[in-house]
Structures are given as C-alpha cells and as structure tokens.
Amino acid sequence: MQVDTTVEFKPKQRRGLIVWVYSLRQLKNLKRYGLVHYVSRKLKYVVLYLDEDLFEETMNKIEHLHFVRNVAASYRPDVEMNFAEKIGTKAAYQVADDDGFDVEELNTTIRLAENV
C-alpha cells in the first residue's frame, strides 16, 4: 500500500462575523451557516467564522433572518499585519497630508527590572 505524500494541507481562508440576536433560542439555526466560535448569553451576540469565498452571500442570508438584530463583519483580514519595516521609523507616523508635523526619532534603551 502506497501513501500519497503529494497532498498538501491548505487551511481555508475565513472571516469573522458578529451577529446580534433578539433571542438565543435560534442558535442551532446559526450553526448551519458557519463555525460558532463564541456565544455571549448576557449581551446576546454570536461570533461566527465563515468561509471567505462565500462570505458576502452568507452574510446577506444571515442579515435577513427574522431573529437577527444586527450583523458586523470583521476587518482583520483587510488590515496589514507586517509592522517590521515601520517600527522605529518615520513611516510609522505617516500622515495623509503634510500639516507641518515634525516627527523626531528617539533612541531609547530598554532597561530590565533586574538592572534597575
């Protein structure tokens, strides 16, 4: 018996969706749309993870359910998370239009508690 080693695991791209509901009785209905990550019983909201390729149409379906109060999408996949080039440089303080702000870079040293 040969094992196929050419198959690669590729995780699905997902996006978070926060759904505020009137009542949590219909929680089972939300489970069919995506993975339920968190349920707040006090504030009556549910955090779902949906597949990125079907996100828009699934979000529209969820918005039209009778027990849904409000829906908000997560913006985390849209935010650039690579800050390596910007830390400690003037690029970290980019301003859309130059209003005369002058940014001064300071060389700071980090002192550990044991050296103080």
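In which segment is the place of Arg-76? Arg-76 is found in the segment after strand 4, where helices (H or I, at least four residues) and strands (E, at least two) are DSSP runs numbered from the N terminus. The structure is a predicted model, in which local features need pLDDT of at least 70 and side-chain atom pairs count only at pLDDT 80 or more, whereas totals for chains, interfaces and linings use all residues. Residues are numbered from 1 along each chain as its sequence is written, and side-chain values use heavy atoms, with hydrogens and water left out.

The chain contains 2 helices and 4 strands, and along the sequence these follow the pattern β-α-β-β-α-β. Of its 116 residues, 18% are buried; buried means under 20% relative accessible area, exposed means over 50%, and partly exposed lies in between (1.4 Å probe, protein chains only). The accessible surface amounts to about 10,400 Å², and carbon and sulfur atoms hold 51% of it. These areas come from the Shrake-Rupley method with a 1.4 Å probe, and for residues only the protein chains shown count as cover. Among contacts (heavy atoms within 4.5 Å) with a separation of 6 or more, 61% involve residues 24 or more positions apart.

The largest nonpolar core has 15 residues, of which Leu-17, Val-19, Leu-30, Leu-48, Ile-62 and Val-71 touch the most other members. Such a core is a set of buried Ala, Val, Leu, Ile, Met, Phe, Trp, Tyr and Cys residues joined through side-chain atoms within 4.5 Å. Two or more residues of this core come from each of strand 1, helix 1, strand 3, helix 2 and strand 4. With neighbours within four places in sequence set aside, Val-71 contacts Leu-17, Ile-18, Val-19, Trp-20, Met-59, Ile-62 and Glu-63.

In helix 2 (residues 55-63), the buried residues are Phe-55, Thr-58, Met-59 and Ile-62. These residues lie on the same side of helix 2 because they cover an arc of only 100° around the axis, the arc being that of the directions from the helix axis to the C-beta atoms. An α-helix has 3.6 residues a turn, so residues three or four places apart point the same way. The cover over the buried residues of helix 2 includes strand 1 (14-21), helix 1 (27-31), strand 3 (45-51) and strand 4. Thr-58, with a relative accessible area of 13%, is buried and touches Tyr-33 and Leu-50, not counting residues up to four places away in sequence.

Leu-50, a residue of strand 3, is buried with a relative accessible area of 1%. Leaving aside neighbours within four places in sequence, its contacts are Gln-13, Arg-14, Arg-15, Leu-17, Tyr-33, Gly-34, Phe-55, Thr-58 and Ile-62. Leu-50 and Arg-14 are 36 residues apart along the chain, and their C-alpha atoms are separated by 5.4 Å.

The structure holds 3 salt bridges, each defined as a side-chain nitrogen of Lys or Arg within 4 Å of a carboxyl oxygen of Asp or Glu. One of them joins the side chains of Lys-12 and Asp-51 (3.8 Å, N to O). Because Lys-12 lies in the segment before strand 1 and Asp-51 in strand 3, this pair ties together parts that are 39 residues apart in sequence. Lys-12 is exposed at 61% relative accessibility, and Asp-51 is partly exposed at 25%.

Arg-15, Glu-52 and Asp-78 are linked in a network of salt bridges. Arg-15 pairs with Glu-52, with the closest N and O atoms 3.3 Å apart; Arg-15 belongs to strand 1 and Glu-52 to the loop between strand 3 and helix 2, 37 residues apart. Arg-15 also meets Asp-78 in a salt bridge (3.1 Å, N to O), and this pair links strand 1 to the segment after strand 4 across 63 residues. Arg-15 is buried at 10% relative accessibility, Glu-52 is partly exposed at 29%, and Asp-78 is exposed at 52%.

The segment after strand 4 also holds Met-81, which is partly exposed at 46% relative accessibility. Tyr-75, Val-79 and Met-81 form a nonpolar surface patch with about 340 Å² of accessible area together. Patches are made of residues with over 30% relative accessible area and no salt bridge, like charges being joined within 9 Å and nonpolar side chains (Val, Leu, Ile, Met, Phe, Trp, Tyr) within 5 Å. Arg-76 is exposed, with a relative accessible area of 56%. Arg-76 and Gly-16 are 60 residues apart in sequence, and the distance between their C-alpha atoms is 8.3 Å.
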